[in-house]
Amino acid sequence: MTVTIELKPEIEKRLVEKAKKNGLKIETYLEVFIEESFDEKNATGTAEKEKPFHETATKEEWSAEFHRWLDSHK
């Protein structure tokens with residue numbers, strides 16, 4: 001897909017600087033930037049990352065996961 005966008009001169013300057021700093025062409029830098037932005041989004045489309053198990057699990061979930069782990073080491 002090809003997309004054309006008009007950037008403000010100051011944004012273009014910053015983009016060029018960032019791409020050069022990373023040793024990339026602008027096109028490659030933008031592609032990586034866009035791909036990484038999708039990786040950081042959850043199903044709702046927000047940039048909020050999913051919290052890890054240890055931050056959200058209940059006592060029952062910890063227990064069930066522990067027993068699954070024990071069972072896997074017979």
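This is a predicted model: local features need pLDDT of at least 70, side-chain atom pairs count only at pLDDT 80 or more; totals for chains, interfaces and linings use all residues.
Helix H1 is followed by Gly23, a residue whose phi is positive, near 65 degrees. H1 itself has 13 residues. From its first C-alpha to its last, H1 reaches 18 Å, close to the 18 Å expected at 1.5 Å a residue.

The overall layout can be read from the secondary structure. The protein holds four helices and zero strands, and along the sequence the pattern is α-α-α-α. Of the 74 residues in the protein, 5% are buried.

Next come the aromatic side chains. The structure holds three aromatic pairs. One of them joins Tyr29 and Phe33, whose ring centres are 6.5 Å apart and whose planes meet at 20 degrees; planes under 30 degrees apart count as stacked, so this pair is stacked. Both residues belong to helix H2, where Tyr29 and Phe33 are four residues apart, about one turn of the helix. An α-helix has 3.6 residues a turn, so residues three or four places apart point the same way. Tyr29 has a relative accessible area of 16%; the cut-off for buried is under 20%, and Tyr29 is therefore buried.

Another of the pairs is made by Phe53 and Trp62. Their ring centres lie 5.1 Å apart. Their planes stand at 65 degrees, and because an angle over 60 counts as edge-to-face, the pair is given that label. Phe53 has 37% relative accessibility and counts as partly exposed. Trp62, with a relative accessible area of 43%, is partly exposed.

The last feature is the empty space. Rolling a probe the size of a water molecule over the atoms shows where such space is left. In this model the largest pocket contains about 620 Å³ of space. Helix H1 (9–21) and helix H2 (26–39) are the elements that give two or more residues to the lining of this pocket. H2 provides the largest share of the lining, nine residues. In total, 19 residues line the largest pocket, and those nearest its centre are Ile5, Ile26, Glu27, Leu30 and Ile34. Sorted by class, the lining has 12 nonpolar, two polar and five charged residues.

Definitions and conventions: Residues are numbered from 1 along each chain as its sequence is written. Side-chain values use heavy atoms; hydrogens and water are left out. On a 1 Å grid over the protein atoms alone, a cavity is a set of points where a 1.4 Å probe fits but cannot get out, and a pocket is an open set with protein on both sides within 12 Å along at least five of seven lines; lining residues have an atom within 4 Å of a point. Grid points are joined across faces, edges and corners, and a volume is the space filled by probe spheres set on the points. Ala, Val, Leu, Ile, Met, Phe, Trp, Tyr, Cys and Pro count as nonpolar, Asp, Glu, Lys and Arg as charged, and the others, Gly among them, as polar. The expected span of a helix is 1.5 Å times one less than its number of residues. Rings of Phe, Tyr and Trp (its six-membered ring) pair if their centres lie within 6.5 Å; planes under 30 degrees apart count as stacked, over 60 as edge-to-face and the rest as tilted. Buried means under 20% relative accessible area, exposed over 50%, partly exposed in between (1.4 Å probe, protein chains only).
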